[in-house]
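I opened this model to look up how its parts meet and what surrounds its ligands. My entries follow in the order in which I made them.

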Amino acid sequence: MTKRALITGITGQDGAYLSQFLLGKGYEVFGVIRRSSHRGVEDHRLRWLGVADKVTLLDGDLADLSSIVRIMQQVKPDEIYNLAAQSFVASSWQQPVLTANITGVAVTTMLEAMRIVKPEAHFYQASSSEMFGLIQEEMQSEKTPFYPRSPYAVAKLYGHWITVNYRESFGFHASSGILFNHESPLRGTEFVTRKVTDGVARIKLGKAHELRLGNIDAKRDWGHARDYVRAMWLMLQQEKADDYVVATGRTTTVRDMCQIAFEHVGLDMDKYLIIDPAFYRPAEVDVLLGNPAKAQQKLRWTAEISLEEMIKEMVDADLERWRTAVDG
Ligand code: NAP
Ligand code: G4F
């Protein structure tokens with residue numbers, strides 16, 4: 001029997017890579033797509049991976065329970081991946097109520113729709129290392145206490161605990177993946193890695209002369225989205241649902257990540273990098289470093305793509321995009 005997967009956030013970075021991964025496993029893939037006046041461009045990531053015509057997109061919005069219930073009734077999914085969110089931390093101070101509603105409360109919308117239509121489905125919640133915030137342990141594991149530092153992280157914490165609660169209350173097969181930062185050529189350009197690789201590509205091609213960043217001393221545990229969607233799937237294949245940290249176990253400053261990108265194209269970073277306080281955050285997460293031991297042992301998962309390989313792949317993809325851009 002062909003398995004059916006429903007993905008919210010299918011138009012985002014992870015949704016695109018997860019679609020590609022599940023199609024490769026023989027799944028029928030369905031995704032929630034929200035109405036936009038820019039019809040026709042929302043699936044650009046799926047097109048970039050060559051899978052847009054292999055998935056079925058259904059109109060819905062996480063702000064609208066009835067749309068989600070109808071989609072679940074239509075799809076009757078075996079697996080549900082809840083990836084949709086207002087996912088940009090910096091925006092969560094500008095739109096805190098929307099972030100609370102979509103990144104937080106709407107997780108209950110998804111779980112309720114599943115409770116009404118398909119309680120036996122397997123459910124994945126996209127939790128985040130941002131929940132560790134002001135870190136309480138040098139290396140963060142599933143047992144590390146949380147200390148959220150942004151409206152985004154507070155909302156994710158709600159989503160995390162409501163997932164645990166439905167598992168414990170109703171016996172749902174609901175797992176929460178506490179994923180550390182993961183990037184790719186499909187990352188939004190507002191996030192720091194892609195902002196850097198896109199900026200470096202434009203500088204290299206003479207289309208820009210500087211790169212403005214905020215706190216370059218911040219440290220993140222960066223992996224590749226292609227590796228991380230595999231961990232999501234593995235969680236839903238386990239006999240029992242559980243929570244897992246997904247990380248590389250290595251942390252790097254924004255400055256050093258940036259250096260990798262500039263060096264890849266043979267440019268001196270110090271000539272182009274400008275520190276702009278406009279990109280500082282009201283409260284910062286200074287450092288994140290994940291302990292992936294549980295995922296390694298129980299899921300037999302490990303990160304395969306290094307930071308260096310990933311940043312080079314991203315720079316090369318951005319160089320290619322800008323070289324072929326019509327309006328570039
Ligand atoms: P992303 O590229 O920003 O994608 C977010 C997705 O959510 C998009 O498809 C977006 O649709 C959709 N969405 C937003 N609001 C919606 C709504 N009201 N109704 C329906 N869909 C809505 O994020 P990502 O990097 O793929 O991350 C996937 C998930 O993992 C997110 O929940 C994120 O918070 C979480 N996470 C990410 C990381 C990471 O490092 N990437 C780490 C930990 C956790 P549009 O295309 O229409 O905007
Ligand atoms: O790339 P970022 O915006 O990612 P952030 O805030 O860590 O959040 C990402 O990872 C989370 C997992 O931990 C996800 F849950 C979340 O959805 C998202 O995917 O910023 C990384 C670091 C921050 O410390 C930020 O202050 O880079 C620093 N930074 C320095 N200059 C900058 C910039 N970040 C951005 N976006 N832009 C800058 O110019």
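**Domain interface**

I looked up the area buried between domain 1 and domain 2 and got about 1,800 Å², with carbon and sulfur atoms giving 63% of it. Buried area here is the accessible area (1.4 Å probe) that two parts lose on being put together, summed over both.

I note that this is a predicted model, in which local features need pLDDT of at least 70 and side-chain atom pairs count only at pLDDT 80 or more, while totals for chains, interfaces and linings use all residues. Residues are numbered from 1 along each chain as its sequence is written, chains are lettered from A and ligands numbered from 1 in the order in which they are written, and side-chain values use heavy atoms, with hydrogens and water left out.

I checked the bounds: domain 1 is 4-183 + 222-246, and domain 2 is 192-220 + 251-288 + 305-327. These bounds come from an automatic or database domain assignment. The contact (heavy atoms within 4.5 Å) takes 20 residues from domain 1 and 21 residues from domain 2. I find the C-alpha centres of the two domains 27 Å apart.

**Pairs across the interface**

How many salt bridges does the rule find across the interface of domain 1 and domain 2? I get two, a salt bridge being a side-chain nitrogen of Lys or Arg within 4 Å of a carboxyl oxygen of Asp or Glu. I also get four residue pairs in polar contact across this interface, both residues at pLDDT 80 or more. A polar contact is a pair of N or O atoms within 3.5 Å; within protein, one must be able to donate a hydrogen and the other to accept it, and residues adjacent in sequence count only if both atoms are side-chain atoms.

By class, I count nine nonpolar, six polar and five charged residues on the side of domain 1 that touches domain 2. Ala, Val, Leu, Ile, Met, Phe, Trp, Tyr, Cys and Pro count as nonpolar, Asp, Glu, Lys and Arg as charged, and the others, Gly among them, as polar.

**Ligand 2**

I find 25 residues around ligand 2 (a heavy atom within 4 Å), and Ser-128, Ser-129, Tyr-152, Arg-281 and Glu-284 come nearest. An N or O atom in the side chain of Glu-284 is 2.6 Å from a ligand 2 oxygen. A polar side-chain atom of Asn-181 lies 2.8 Å from an oxygen of ligand 2. A polar backbone atom of Gly-214 is 2.8 Å from a nitrogen of ligand 2.

**Ligand 1**

I find 23 residues around ligand 1, with Thr-11, Arg-34, Asp-61, Ser-87 and Tyr-152 nearest. Asp-61 has a polar side-chain atom 2.8 Å from a ligand 1 nitrogen. Asp-14 places a backbone N or O atom 2.8 Å from a ligand 1 oxygen.
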